[in-house]
Amino acid sequence: MVADPVPLQLAAELFPNGISRYAIGGLFVGLGAAVIYVGTGISAGASTFLESTLSYVSGQSRFQQYVASRDWRIVFTLGIILGAAVYAVVYQGGAWTTDVSWWRLLLGGVFVGIGTRVGKGCTSGHGVCGVGSASKTSIAGVLAFLLVAILTAQIVAALGVTP
Amino acid sequence: MTGSSDRHPLFIPLVLVGGLIFGFGLGYSHMARPEVVLNFLQFEDFGLLFVMFGGAAVTGVVFFVMPHVLDRAPLTGDRFERRLKSFDRNVLVGGAVFGVGWGLSGICPGAAYASLGIGNVTILWALAGMFLGAYLQGWWRSRAADSVDPAPTGAD
(Lines give C-alpha, C1' and ligand atoms only; values in the text may rest on other atoms or scores of the structure.)
Protein backbone atom coordinates (compact mmCIF):
# COMPACT_ATOMS: atom_id res chain seq x y z
CA MET A 1 0.00 0.00 0.00
CA VAL A 2 1.37 3.41 -0.95
CA ALA A 3 0.61 6.29 1.41
CA ASP A 4 -0.55 9.54 -0.09
CA PRO A 5 2.49 11.84 0.18
CA VAL A 6 0.55 15.13 0.53
CA PRO A 7 -1.02 14.54 3.98
CA LEU A 8 2.24 12.99 5.17
CA GLN A 9 4.18 16.07 4.17
CA LEU A 10 1.58 18.31 5.81
CA ALA A 11 1.82 16.27 9.01
CA ALA A 12 5.60 16.61 8.97
CA GLU A 13 5.29 20.39 8.70
CA LEU A 14 2.58 20.87 11.32
CA PHE A 15 3.93 18.22 13.71
CA PRO A 16 7.74 18.12 13.36
CA ASN A 17 8.00 16.07 16.58
CA GLY A 18 5.11 13.75 15.74
CA ILE A 19 1.96 13.62 17.82
CA SER A 20 2.39 10.59 20.08
CA ARG A 21 4.31 12.38 22.86
CA TYR A 22 1.66 15.10 22.94
CA ALA A 23 -1.35 12.82 22.73
CA ILE A 24 -0.05 10.31 25.31
CA GLY A 25 1.03 13.12 27.64
CA GLY A 26 -2.38 14.78 27.27
CA LEU A 27 -4.17 11.53 28.09
CA PHE A 28 -2.14 11.24 31.31
CA VAL A 29 -2.93 14.86 32.24
CA GLY A 30 -6.63 14.16 31.77
CA LEU A 31 -6.34 10.86 33.63
CA GLY A 32 -4.72 12.59 36.63
CA ALA A 33 -7.60 15.09 36.83
CA ALA A 34 -10.10 12.24 36.31
CA VAL A 35 -8.67 10.14 39.18
CA ILE A 36 -9.17 13.05 41.59
CA TYR A 37 -12.68 13.70 40.26
CA VAL A 38 -13.80 10.07 40.56
CA GLY A 39 -12.67 9.89 44.18
CA THR A 40 -13.64 13.34 45.40
CA GLY A 41 -15.97 15.07 42.92
CA ILE A 42 -13.41 17.90 42.67
CA SER A 43 -12.38 19.16 39.23
CA ALA A 44 -8.88 20.29 40.10
CA GLY A 45 -6.93 23.10 38.47
CA ALA A 46 -3.31 23.97 39.09
CA SER A 47 -3.51 27.75 39.54
CA THR A 48 -5.61 28.02 42.73
CA PHE A 49 -2.50 26.67 44.51
CA LEU A 50 -1.00 30.15 44.15
CA GLU A 51 -3.76 31.91 46.12
CA SER A 52 -4.39 29.05 48.55
CA THR A 53 -0.70 28.85 49.48
CA LEU A 54 -0.52 32.63 49.92
CA SER A 55 -3.21 32.26 52.63
CA TYR A 56 -0.52 30.74 54.89
CA VAL A 57 1.51 33.94 54.85
CA SER A 58 -0.99 36.70 54.09
CA GLY A 59 -4.11 37.78 55.95
CA GLN A 60 -5.61 39.47 52.87
CA SER A 61 -9.33 38.64 52.78
CA ARG A 62 -9.04 37.50 49.16
CA PHE A 63 -6.92 34.48 50.13
CA GLN A 64 -8.90 33.32 53.18
CA GLN A 65 -11.59 31.62 51.08
CA TYR A 66 -9.00 28.97 50.13
CA VAL A 67 -7.95 28.01 53.68
CA ALA A 68 -10.09 24.82 53.60
CA SER A 69 -8.46 23.52 50.41
CA ARG A 70 -4.90 24.76 50.83
CA ASP A 71 -3.41 21.57 52.30
CA TRP A 72 -4.63 19.18 49.59
CA ARG A 73 -3.67 21.72 46.91
CA ILE A 74 -0.08 21.56 48.20
CA VAL A 75 -0.22 17.75 47.99
CA PHE A 76 -1.58 18.00 44.42
CA THR A 77 1.27 20.33 43.45
CA LEU A 78 3.90 18.10 45.10
CA GLY A 79 2.38 15.22 43.12
CA ILE A 80 2.79 17.19 39.88
CA ILE A 81 6.46 17.88 40.67
CA LEU A 82 7.12 14.23 41.62
CA GLY A 83 5.26 12.89 38.58
CA ALA A 84 7.33 15.05 36.27
CA ALA A 85 10.46 13.90 38.13
CA VAL A 86 9.47 10.28 37.43
CA TYR A 87 9.27 11.19 33.74
CA ALA A 88 12.69 12.87 33.93
CA VAL A 89 14.35 9.86 35.58
CA VAL A 90 12.74 7.23 33.32
CA TYR A 91 12.72 8.95 29.92
CA GLN A 92 14.72 12.18 30.03
CA GLY A 93 17.93 10.77 31.47
CA GLY A 94 18.64 13.61 33.89
CA ALA A 95 17.78 17.23 34.53
CA TRP A 96 16.77 19.60 31.76
CA THR A 97 16.87 23.40 31.97
CA THR A 98 15.31 26.06 29.79
CA ASP A 99 17.16 28.61 27.67
CA VAL A 100 14.33 31.17 27.91
CA SER A 101 15.65 34.36 29.54
CA TRP A 102 15.04 34.85 33.26
CA TRP A 103 13.33 38.21 32.73
CA ARG A 104 10.81 36.66 30.34
CA LEU A 105 10.03 33.95 32.89
CA LEU A 106 9.70 36.45 35.75
CA LEU A 107 7.65 39.06 33.88
CA GLY A 108 5.53 36.41 32.14
CA GLY A 109 4.99 34.77 35.52
CA VAL A 110 3.62 38.00 36.99
CA PHE A 111 1.12 38.35 34.13
CA VAL A 112 0.17 34.67 34.45
CA GLY A 113 -0.26 35.05 38.21
CA ILE A 114 -2.55 38.07 37.86
CA GLY A 115 -4.43 36.80 34.82
CA THR A 116 -5.17 33.28 35.97
CA ARG A 117 -6.67 34.48 39.26
CA VAL A 118 -8.69 37.33 37.74
CA GLY A 119 -9.81 35.04 34.91
CA LYS A 120 -10.85 32.22 37.30
CA GLY A 121 -8.63 29.51 35.81
CA CYS A 122 -5.60 28.41 33.84
CA THR A 123 -4.70 25.93 31.12
CA SER A 124 -5.63 22.98 33.37
CA GLY A 125 -8.63 24.47 35.22
CA HIS A 126 -10.27 26.02 32.16
CA GLY A 127 -8.47 24.12 29.38
CA VAL A 128 -8.68 20.54 30.65
CA CYS A 129 -11.39 20.45 33.36
CA GLY A 130 -13.56 23.35 32.13
CA VAL A 131 -13.55 22.34 28.46
CA GLY A 132 -14.06 18.72 29.59
CA SER A 133 -17.25 19.76 31.38
CA ALA A 134 -18.36 21.80 28.33
CA SER A 135 -18.38 25.01 30.39
CA LYS A 136 -19.09 28.03 28.18
CA THR A 137 -17.16 30.23 30.64
CA SER A 138 -14.07 28.02 30.28
CA ILE A 139 -14.32 27.85 26.49
CA ALA A 140 -14.47 31.67 26.39
CA GLY A 141 -11.51 31.86 28.78
CA VAL A 142 -9.44 29.41 26.70
CA LEU A 143 -10.18 31.33 23.48
CA ALA A 144 -9.20 34.61 25.17
CA PHE A 145 -5.86 33.40 26.49
CA LEU A 146 -5.02 31.34 23.42
CA LEU A 147 -5.57 34.22 20.97
CA VAL A 148 -3.71 36.78 23.11
CA ALA A 149 -0.85 34.32 23.78
CA ILE A 150 -0.44 33.62 20.04
CA LEU A 151 -0.43 37.37 19.32
CA THR A 152 2.08 38.03 22.12
CA ALA A 153 4.43 35.21 21.12
CA GLN A 154 4.37 36.33 17.47
CA ILE A 155 5.17 39.95 18.45
CA VAL A 156 7.97 38.86 20.80
CA ALA A 157 9.45 36.67 18.03
CA ALA A 158 9.08 39.46 15.46
CA LEU A 159 10.99 41.79 17.79
CA GLY A 160 13.84 39.27 17.61
CA VAL A 161 13.79 38.27 21.30
CA THR A 162 15.54 34.88 21.55
CA PRO A 163 15.42 32.68 23.36
CA MET B 1 -17.13 20.45 51.77
CA THR B 2 -13.46 19.56 51.54
CA GLY B 3 -12.53 20.62 55.05
CA SER B 4 -10.13 18.46 57.01
CA SER B 5 -12.48 17.55 59.89
CA ASP B 6 -14.54 14.78 58.27
CA ARG B 7 -12.14 13.84 55.54
CA HIS B 8 -11.66 10.26 54.38
CA PRO B 9 -8.16 8.87 55.16
CA LEU B 10 -7.60 8.10 51.47
CA PHE B 11 -8.42 11.65 50.34
CA ILE B 12 -4.86 13.00 50.52
CA PRO B 13 -3.21 9.83 49.06
CA LEU B 14 -5.64 9.93 46.12
CA VAL B 15 -4.90 13.61 45.45
CA LEU B 16 -1.19 12.74 45.49
CA VAL B 17 -1.67 9.89 42.99
CA GLY B 18 -3.79 12.14 40.75
CA GLY B 19 -1.09 14.82 40.89
CA LEU B 20 1.61 12.25 40.05
CA ILE B 21 -0.24 11.10 36.92
CA PHE B 22 -1.02 14.71 35.98
CA GLY B 23 2.62 15.79 36.39
CA PHE B 24 3.95 12.72 34.56
CA GLY B 25 1.69 13.68 31.65
CA LEU B 26 2.99 17.25 31.63
CA GLY B 27 6.55 15.91 31.57
CA TYR B 28 5.85 13.28 28.92
CA SER B 29 4.05 15.78 26.66
CA HIS B 30 7.04 18.16 26.89
CA MET B 31 4.60 20.91 27.91
CA ALA B 32 6.81 21.47 30.96
CA ARG B 33 9.38 22.97 28.55
CA PRO B 34 8.66 26.66 27.80
CA GLU B 35 10.35 26.31 24.39
CA VAL B 36 7.74 23.75 23.28
CA VAL B 37 4.87 26.06 24.27
CA LEU B 38 6.50 29.00 22.46
CA ASN B 39 7.01 26.86 19.33
CA PHE B 40 3.30 26.07 19.43
CA LEU B 41 2.28 29.72 19.84
CA GLN B 42 4.58 30.66 16.93
CA PHE B 43 2.90 28.02 14.71
CA GLU B 44 6.06 25.90 14.45
CA ASP B 45 4.61 22.79 16.12
CA PHE B 46 0.88 22.26 16.62
CA GLY B 47 1.34 19.14 18.72
CA LEU B 48 0.41 20.97 21.93
CA LEU B 49 -3.23 20.99 20.80
CA PHE B 50 -3.23 17.26 21.52
CA VAL B 51 -2.17 17.86 25.12
CA MET B 52 -5.03 20.19 25.99
CA PHE B 53 -7.73 18.48 23.93
CA GLY B 54 -6.44 15.00 24.76
CA GLY B 55 -6.73 15.90 28.43
CA ALA B 56 -10.16 17.49 27.93
CA ALA B 57 -11.36 14.39 26.06
CA VAL B 58 -10.53 12.16 29.04
CA THR B 59 -12.06 14.49 31.63
CA GLY B 60 -15.06 15.03 29.34
CA VAL B 61 -15.90 11.31 29.30
CA VAL B 62 -15.32 10.88 33.05
CA PHE B 63 -17.25 14.04 34.01
CA PHE B 64 -20.15 12.85 31.86
CA VAL B 65 -20.18 9.22 33.00
CA MET B 66 -19.60 9.50 36.77
CA PRO B 67 -22.94 11.14 37.72
CA HIS B 68 -24.67 8.19 36.04
CA VAL B 69 -22.53 5.61 37.87
CA LEU B 70 -22.37 6.92 41.45
CA ASP B 71 -24.55 9.22 43.52
CA ARG B 72 -21.73 10.67 45.57
CA ALA B 73 -17.94 10.74 45.45
CA PRO B 74 -16.62 7.95 47.74
CA LEU B 75 -13.99 10.05 49.56
CA THR B 76 -15.93 13.29 50.14
CA GLY B 77 -19.62 12.39 49.90
CA ASP B 78 -19.98 15.28 47.45
CA ARG B 79 -22.34 14.97 44.53
CA PHE B 80 -20.86 14.64 41.02
CA GLU B 81 -22.13 18.02 39.90
CA ARG B 82 -20.80 20.32 37.26
CA ARG B 83 -19.36 23.13 39.34
CA LEU B 84 -19.48 25.76 36.65
CA LYS B 85 -17.79 29.10 37.04
CA SER B 86 -19.90 32.16 36.34
CA PHE B 87 -19.13 34.17 33.25
CA ASP B 88 -18.34 37.87 33.54
CA ARG B 89 -15.94 40.40 32.09
CA ASN B 90 -13.17 39.15 34.42
CA VAL B 91 -12.96 35.87 32.50
CA LEU B 92 -11.99 37.72 29.31
CA VAL B 93 -9.83 40.39 30.98
CA GLY B 94 -8.01 37.83 33.12
CA GLY B 95 -7.71 35.47 30.16
CA ALA B 96 -6.10 38.22 28.09
CA VAL B 97 -3.63 39.10 30.88
CA PHE B 98 -2.84 35.38 31.28
CA GLY B 99 -2.34 35.21 27.49
CA VAL B 100 0.26 38.00 27.57
CA GLY B 101 2.20 36.11 30.25
CA TRP B 102 1.84 32.73 28.54
CA GLY B 103 2.94 34.17 25.19
CA LEU B 104 5.90 35.99 26.74
CA SER B 105 7.24 33.13 28.87
CA GLY B 106 5.73 29.88 27.54
CA ILE B 107 4.79 28.94 31.09
CA CYS B 108 1.50 28.28 32.88
CA PRO B 109 1.01 27.18 36.50
CA GLY B 110 0.74 23.36 36.18
CA ALA B 111 3.52 23.17 33.60
CA ALA B 112 5.72 25.36 35.81
CA TYR B 113 5.44 22.96 38.78
CA ALA B 114 6.14 20.05 36.43
CA SER B 115 9.11 21.93 34.99
CA LEU B 116 10.65 22.03 38.44
CA GLY B 117 10.20 18.24 38.51
CA ILE B 118 12.16 17.73 35.28
CA GLY B 119 15.08 19.57 36.90
CA ASN B 120 14.50 23.02 35.40
CA VAL B 121 15.61 25.19 38.32
CA THR B 122 15.53 28.27 36.06
CA ILE B 123 11.73 28.01 36.24
CA LEU B 124 11.89 29.39 39.80
CA TRP B 125 11.91 32.83 38.15
CA ALA B 126 8.49 32.08 36.64
CA LEU B 127 7.16 30.63 39.91
CA ALA B 128 8.33 33.71 41.81
CA GLY B 129 6.58 35.87 39.22
CA MET B 130 3.35 33.87 39.51
CA PHE B 131 3.21 34.17 43.30
CA LEU B 132 3.97 37.89 43.00
CA GLY B 133 1.20 38.34 40.42
CA ALA B 134 -1.32 36.30 42.42
CA TYR B 135 -0.43 38.31 45.54
CA LEU B 136 -0.79 41.64 43.72
CA GLN B 137 -4.29 40.79 42.45
CA GLY B 138 -5.28 39.41 45.87
CA TRP B 139 -4.06 42.54 47.64
CA TRP B 140 -5.84 44.79 45.17
CA ARG B 141 -9.10 42.82 45.20
CA SER B 142 -9.06 42.48 49.00
CA ARG B 143 -8.82 46.25 49.29
CA ALA B 144 -11.66 46.69 46.81
CA ALA B 145 -13.82 44.13 48.67
CA ASP B 146 -13.00 45.53 52.13
CA SER B 147 -13.89 49.07 51.10
CA VAL B 148 -17.30 47.86 49.90
CA ASP B 149 -17.85 45.69 52.98
CA PRO B 150 -16.23 47.36 56.03
CA ALA B 151 -16.35 44.10 58.05
CA PRO B 152 -13.65 41.84 56.59
CA THR B 153 -14.12 38.12 57.15
CA GLY B 154 -10.45 37.24 57.16
CA ALA B 155 -8.03 37.66 60.04
CA ASP B 156 -5.66 40.48 59.29
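Start by selecting helix 6 of chain A: it has 17 residues and reaches 24 Å from its first C-alpha to its last, close to the 24 Å expected at 1.5 Å a residue. Keep in mind that you are looking at a predicted model.

Stay on this helix and colour its buried residues. Which ones are buried in helix 6 of chain A? Among them are the glycines Gly108(A), Gly109(A), Gly113(A) and Gly115(A). Val110(A), Val112(A) and Val118(A) are buried too, and the list also includes Arg104(A) and Arg117(A).

Now step just past the end of helix 6 of chain A and click on Lys120(A), where phi is positive, at about 70 degrees.

Next, show both chains together. How many residues does each chain bring to the contact? Chain A gives 116 residues, and chain B gives 113 residues. The size of an interface is often given as the accessible area lost when the parts come together. Here, chain A and chain B bury about 10400 Å² between them, with 74% of that on carbon and sulfur atoms.

Zoom in on Asp71(A) and Arg7(B). Their side chains form a salt bridge, 3.2 Å from N to O. The count of salt bridges between chain A and chain B is 2, and there are 33 residue pairs in polar contact, both residues at pLDDT 80 or more.

Finally, select helix 2 (20-40) of chain A, one of the helices that supply at least two residues to the side touching chain B. Helix 2 of chain A gives the largest share of that side, 21 residues.

Technical notes: Residues are numbered from 1 along each chain as its sequence is written. Chains are lettered from A and ligands numbered from 1 in the order in which they are written. Side-chain values use heavy atoms; hydrogens and water are left out. Contact means heavy atoms within 4.5 Å. Buried area is the accessible area (1.4 Å probe) that two parts lose on being put together, summed over both. A salt bridge is a side-chain nitrogen of Lys or Arg within 4 Å of a carboxyl oxygen of Asp or Glu. A polar contact is a pair of N or O atoms within 3.5 Å; within protein, one must be able to donate a hydrogen and the other to accept it, and residues adjacent in sequence count only if both atoms are side-chain atoms. Helices (H or I, at least four residues) and strands (E, at least two) are DSSP runs, numbered from the N terminus. The expected span of a helix is 1.5 Å times one less than its number of residues. Buried means under 20% relative accessible area, exposed over 50%, partly exposed in between (1.4 Å probe, protein chains only).
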